[in-house]
Amino acid sequence: MESPRCPDCGGNMEVGFIPDYAYTIQMQTCWHPGKPEQQTLFGMKFKSGAIKLDHKKMIAITTYRCPECHLLRSYAE
Ligand SMILES: [Zn+2]
């Protein structure tokens, strides 16, 4: 995708992403369809609040930043 123009001020937006920190690893933030559902093991919920994920349905999020007005705009391409 070509860098979009800022919808607020018309500036050229810069491509980037928002890192997702989980314990000791860093990943790119992803979009997932549906509402978050808590993960269970034998009917019991995890204390960590872990949610169910279908990795095949996840789409990495690209976030553009306007250097003029600092607006962020995200796309799941
Ligand atoms: Zn702008």
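## Strands 7 and 8

Strand 7 and strand 8 pair in the antiparallel sense, over five bridges. Strands here are DSSP runs of E with at least two residues, numbered from the N terminus, and two of them pair if DSSP finds at least two bridges between them. Y64 has R73 in strand 8 as its bridge partner. Six residues lie between the strands of this hairpin, and H70 takes a positive phi near 70 degrees there.

## Model and confidence

This is a predicted model, in which local features need pLDDT of at least 70 and side-chain atom pairs count only at pLDDT 80 or more, while totals for chains, interfaces and linings use all residues. Residues are numbered from 1 along each chain as its sequence is written, and side-chain values use heavy atoms, with hydrogens and water left out.

The average pLDDT of the protein (the predictor's confidence in each residue, from 0 to 100) is 91, and 100% of the residues score at least 70.

## The zinc site

Four SG atoms, those of C6, C9, C66 and C69, coordinate the zinc ion at 2.3 Å. Donors are N, O and S atoms within 2.8 Å of the metal (3.2 Å for Na, K and Ca); water is not among the atoms, so sites may look incomplete. The angles between the four donor atoms run from 99 to 121 degrees, so the arrangement is tetrahedral; four donors count as such if all angles lie between 85 and 135 degrees. The ideal angle for four tetrahedral donors is 109.5 degrees.

Along the chain the donors follow the spacing C-x2-C-x56-C-x2-C. C9 lies in the segment before strand 1 (14–16) and C69 in the loop between strand 7 (59–65) and strand 8 (72–76), so this pair ties together parts that are 60 residues apart in sequence. C9 is partly exposed, with a relative accessible area of 42%, and C69 is partly exposed at 33%. Buried means under 20% relative accessible area, exposed over 50%, and partly exposed in between (1.4 Å probe, protein chains only).

## The aromatic pair

The count of aromatic pairs comes to one. Rings of Phe, Tyr and Trp (its six-membered ring) pair if their centres lie within 6.5 Å; planes under 30 degrees apart count as stacked, over 60 as edge-to-face and the rest as tilted. The ring centres of Y64 and Y75 are 5.8 Å apart and the planes stand at 80 degrees, so the pair is edge-to-face. Y64 in strand 7 and Y75 in strand 8 are 11 residues apart. Y64 is buried, at 1% relative accessibility, whereas Y75 is partly exposed at 24%.

Notes. Four donors count as tetrahedral if all angles lie between 85 and 135 degrees; four count as square planar and six as octahedral if opposite donors are over 155 degrees apart and all others between 65 and 115; anything else is irregular. Helices (H or I, at least four residues) and strands (E, at least two) are DSSP runs, numbered from the N terminus.
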